[in-house]
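Biologist: I would like a close look at a single part of this model. Please keep the terms plain, as I am new to this.

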Amino acid sequence: MSEPHPSAARGPRLILLGSLLLLLLCPTPRASAQAPEPAPADAPAAPTPKEFEGLDLQTLFEKNSEFMENSQWEYALMPLNVIIADYGEDAMDEYGPMFGVMYYRQGFCLKNLKKFEEALTSYEKCYNDFANKPDTEPAKKNPVWELCRLEMGIVNQALGRYDKAVEDYEAFARQPAAAGTYDEVGFRIQAAACYAKAGKADRARQLIEGLFKLTGNAAPRADALFRAMLTLTEDWANNNSEPAKAEKEAHQFLDLYAGKVAVSPFDMARFQFNERVLGIAQKASGNDQNTLAIRLLTHYASASNILRDLEKRAIDMAPNVPQALTNEIAKYRAMLTSPDSRDWLALLLLAACHERLGNQAAAFAIYQHCLNEVPKHPNREIILFGAMRCAMALRHMDFAQHLGTVFRTEFPDSKYAAVVNTMMLESLFFSQHYDEALELANRVRDAIPEDDPNRDLATFVIGASLFNLNRIADAVPELEEHTKKYPDSRFKEYVRYFLAASFQREKNWEKSGELLDKFIADFPQSDYLSFALMDRASCHFQLGQYDSCMARLGQLQKQFPQFPNLDVAISMRGDSHLMLNNNTEAEAAYLKARELAIEAGPSHAVILGRILLQLIRTSKALQKQDQIIQFYDEYMKDHTGGYYDAEVIVGSMEALQNANRGEEALAALEKVIIRLGSGEPGPGIEEAIGSYTEHGIAVMGAEKLYAKLENFVPQGTEVNETLRAWLLMARIDLLQNDAYKDQFPKRAAQIQVAFEELRGFDPKTLPTYIVTQVGRNLAEQDSTEARKVAVDWFDEVIRRGDSEFYPLALMGRARIIASEGGPSAMKEAIAAFDRVVRELPDKPDYVEEALVSKARLYYDKEMWKEASDVFFEIQKNPKFVKFRPEVFFKLGRAYQEQGKTEDALSAFTPFVGPPLESYVDYSAEARVRAAQIQEQRDNKEKAFRLIKDTVSRMYKFSNHPVAGPWVEKAKELYKKLRDETGAQPDPDEGIWGIR
């Protein structure tokens with residue numbers, strides 16, 4: 001920095017400075033602080049501060065002007081700093097206010113370098129230290145003093161000091177610069193923005209609206225008006241305290257003035273309005289002012305619109321199209337295919353706004369357009385995610401799942417991946433793609449730690465999908481885990497209902513009922529409440545709690561009079577009355593249910609069919625023959641080919657027969673039987689054939705019926721083995737009926753032929769009754785091989801589990817195994833009898849036979865200890881009386897063989913008196929053995945009394961095939977003990993056969 005010049009030399013410099021200031025073109029204040037623009041290609045080379053030392057004032061000033069004209073603010077400061085350093089001291093005294101221009105220029109350069117605090121210092125220096133005074137000579141006045149206050153406002157606004165900036169603007173407005181030295185429209189817009197920031201929105205709007213009201217030559221240019229509109233709209237978009245109110249005000253303003261603004265697409269680009277529109281729209285959307293954002297985006301000029309505007313200008317200028325215009329056309333043509341174009345951001349923002357407003361269709365259209373037009377868009381992740389959300393909201397579930405799969409494939413590590421998985425899980429589940437939902441839920445859950453609450457959804461989908469796939473055994477533990485781990489889950493209502501319904505499907509009526517009661521209490525407004533009430537009623541019904549069942553059904557009917565299955569519910573009420581033998585009440589319920597089912601239309605045809613069946617049953621119980629026929633005719637008119645055909649005809653058969661319509665009923669039943677035998681669904685083939693046989697005898701006689709059963713299926717009709725087997729079984733049952741034995745003289749042979757034909761069937765395909773009957777037939781044959789085959793048939797019955805034939809098969813199998821003999825067979829037989837005892841505790845006859853048979857096996861093998869243990873167990877149970885004589889005798893014999901004489905005597909004692917003494921097959925030997933034991937124990941008197949009583953009572957059985965030899969032994973023992981005890985001969989000894 002050069003030294004200050006002597007005062008003697010200042011006069012000429014003052015004249016020079018004045019002339020320079022007169023030549024100065026003061027820079028126009030900008031509406032807001034702008035970033036420095038790049039220097040033109042032909043701008044002066046970058047200088048250094050030393051280059052300006054020692055230069056004269058005119059050269060320094062010219063250098064400063066040159067740099068400012070080229071927007072080279074940093075370089076422009078260098079000569080200014082030299083001027084201020086060399087001439088600034090006592091400048092006011094020496095040069096007057098005009099020297100303030102140097103500080104103004106310094107502030108202007110610093111402002112554009114965004115050094116706002118330093119700029120403000122320079123402006124304040126200019127304004128405060130170089131103010132014009134009333135007596136200041138015109139040549140020495142500061143020409144930028146008023147503008148300096150405007151610039152101070154701009155800098156304070158840039159620093160966020162809005163209240164201070166407002167003071168500056170208002171001071172400037174009171175004492176403005178000369179017209180033409182500043183942009184009055186720009187000032188209004190700048191000040192309005194500041195007022196808005198300072199919380200004086202009304203003043204801001206007043207300023208902006210004033211611009212729109214100007215007309216004629218005073219009217220601002222379109223770009224200025226658009227800038228003003230955006231300034232005010234930006235304030236509304238930034239209103240976080242009352243966004244809805246601000247949005248409404250913005251729309252009201254735009255309704256009034258937006259139509260007065262017409263900015264060409266190219267001007268939207270070159271004035272950077274597009275960027276500003278997009279920015280304000282983003283703020284508005286982020287502030288939940290989505291309608292405002294959409295409205296702003298209508299002003300956005302796309303690359304295609306800008307290109308059309310430029311091409312029109314080129315046509316107007318042809319053939320002298322400027323190169324700059326040609327370059328712009330090329331630039332925007334390239335943007336059309338560029339995935340980086342700002343246009344896509346505007347489109348995505350528009351889609352997001354529509355989506356937030358619930359216009360999913362519009363948003364989806366935009367997302368899909370982006371996917372189709374720019375498949376490799378930089379924001380493809382966001383586009384896919386948005387498209388999937390909208391597809392789900394529009395219930396385009398298949399497409400949503402496709403988009404989700406694509407997303408998960410292309411962006412597996414996306415921050416949205418978890419959300420996409422969640423959405424896909426819900427989409428798959430609620431669109432009833434349960435298999436896919438289950439597979440995805442398992443994969444998602446496996447990747448989540450056990451203690452992570454995000455496992456909630458996956459666990460729900462797994463359990464609920466298993467439930468809906470009817471994999472109840474797998475579903476229950478998953479649903480139970482969910483209720484324990486996530487009691488406050490948003491899915492808890494679903495889970496608790498599904499869990500209760502799962503137990504119902506497993507026929508655990510008590511557990512299901514307990515859970516349903518809690519569900520009904522906890523979720524009184526649930527969408528599942530009607531179904532829960534219906535299910536709870538079903539549980540009560542299955543548990544025989546018919547009054548409770550009807551109470552729940554009444555609650556259902558009261559709360560949900562429009563319940564779609566109300567006919568089923570009222571029909572269940574009829575079922576409950578029927579179980580309570582309230583036939584009249586049951587009939588009334590069924591009639592009401594019939595009315596509702598008819599109103600429901602074809603979709604309830606099966607329900608109506610069952611109701612008509614129940615009406616036939618109640619009419620039968622109430623002996624209303626005509627009504628039976630009425631409901632039969634109604635069913636046969638509209639429901640033939642249905643599930644209940646066989647039961648309807650069977651239930652109506654007697655009434656039809658009494659009405660001389662027996663042949664008609666048999667013909668109808670015959671068709672149903674053949675249809676069922678052809679594989680069509682429906683219960684009752686057994687009952688149908690049974691009814692056909694029963695009533696066929698009355699209508700056509702036993703012989704004709706048998707012939708019909710032999711040729712039941714029309715020639716060429718294919719039927720299954722089930723029907724063929726039942727027809728054979730019907731013939732066997734008819735032949736085995738002793739009431740018709742005279743009509744079938746060869747019935748034994750006919751029965752055996754039919755059974756042999758049945759043996760040719762695969763037992764797995766036959767009804768349990770028939771399998772059991774074939775097994776019994778084989779077991780009764782005098783053939784070891786046949787009995788072995790019988791075991792296979794009995795095993796098939798046993799394999800099927802609980803049925804009325806299960807006990808018979810279990811016992812029949814055990815009998816056959818026990819009859820085979822041999823050590824291994826005995827072990828298997830013992831196990832078979834133990835199984836009977838274990839599995840049939842409610843069948844005492846079978847249990848008693850099994851225990852006796854097991855004891856006999858031990859007894860016959862002289863396994864006395866084992867035999868006595870089993871016989872003792874049998875005799876303990878007062879219910880076991882069928883084999884009591886054998887049990888007591890063999891128990892005594894087994895004890896005797898073990899040397900347990902006291903126990904043996906206790907077992908033999910019952911044969912001394914009634915009722916066991918009459919069972920001579922055992923009592924004669926038991927008495928003799930008891931006497932022998934007393935003799936061995938030297939109780940000869942007791943032995944003599946017992947043997948004398950035996951001889952006197954049983955001498956008549958001397959020739960009995962079983963008792964005879966033991967009666968003779970008793971006579972010999974009597975004589976021996978009489979002599980040994982010295983007793984007198986009894987006068988009746990001759991009668992007793994004592995010689």
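Biologist: With which side chain does the side chain of N239 make a polar contact?

Modeller: This is a predicted model, and what follows describes it as such. The side chain of N239 makes a polar contact with the side chain of S241, at 3.0 Å. To find N239, look in the loop between α11 (222–237) and α12 (243–257). N239 has a relative accessibility of 23%, so it counts as partly exposed; buried would require a value under 20%. If neighbours within four places in sequence are left aside, N239 is in contact with A246, N287 and Q289. Take Q289 as one of these: 50 residues separate N239 and Q289 in sequence, while their C-alpha atoms are 9.9 Å apart in space.

For another kind of contact, turn to a pair of helices. Two packed helices are described by the angle between their axes and the distance between those axes. Helix α34 (residues 645–658) packs with helix α36 (residues 685–700) at an angle of about 20 degrees, and their axes are 9 Å apart. Because angles under 35 degrees count as roughly parallel, α34 is roughly parallel to α36. The crossing of α34 past α36 is left-handed. On the α34 side, the residues that meet α36 are A646, V650, M653, E654 and Q657. On the α36 side they are E687, A688, S691, H695, A698 and V699. Sorted by kind, the residues of this contact comprise six nonpolar, three polar and two charged.

Key:
Residues numbered from 1 in each chain as written. Predicted model: local features only at pLDDT ≥ 70, side-chain atom pairs only at ≥ 80, totals over all residues. Heavy atoms only, no water. Axes fitted to C-alpha atoms, helices over the stretch in contact; angles between N-to-C directions. Helix = DSSP H or I, 4+ residues; strand = E, 2+ residues; numbered from the N terminus. Parallel < 35°, antiparallel > 145°, perpendicular 65-115°, else oblique. Left-handed = near helix turned anticlockwise from the far one by under 90°. Contact = heavy atoms within 4.5 Å. Nonpolar A, V, L, I, M, F, W, Y, C, P; charged D, E, K, R; others polar. Buried < 20%, exposed > 50% of the residue type's maximum accessible area, 1.4 Å probe, protein only. Polar contact = N/O pair within 3.5 Å; in protein donor to acceptor, adjacent residues only side chain to side chain.
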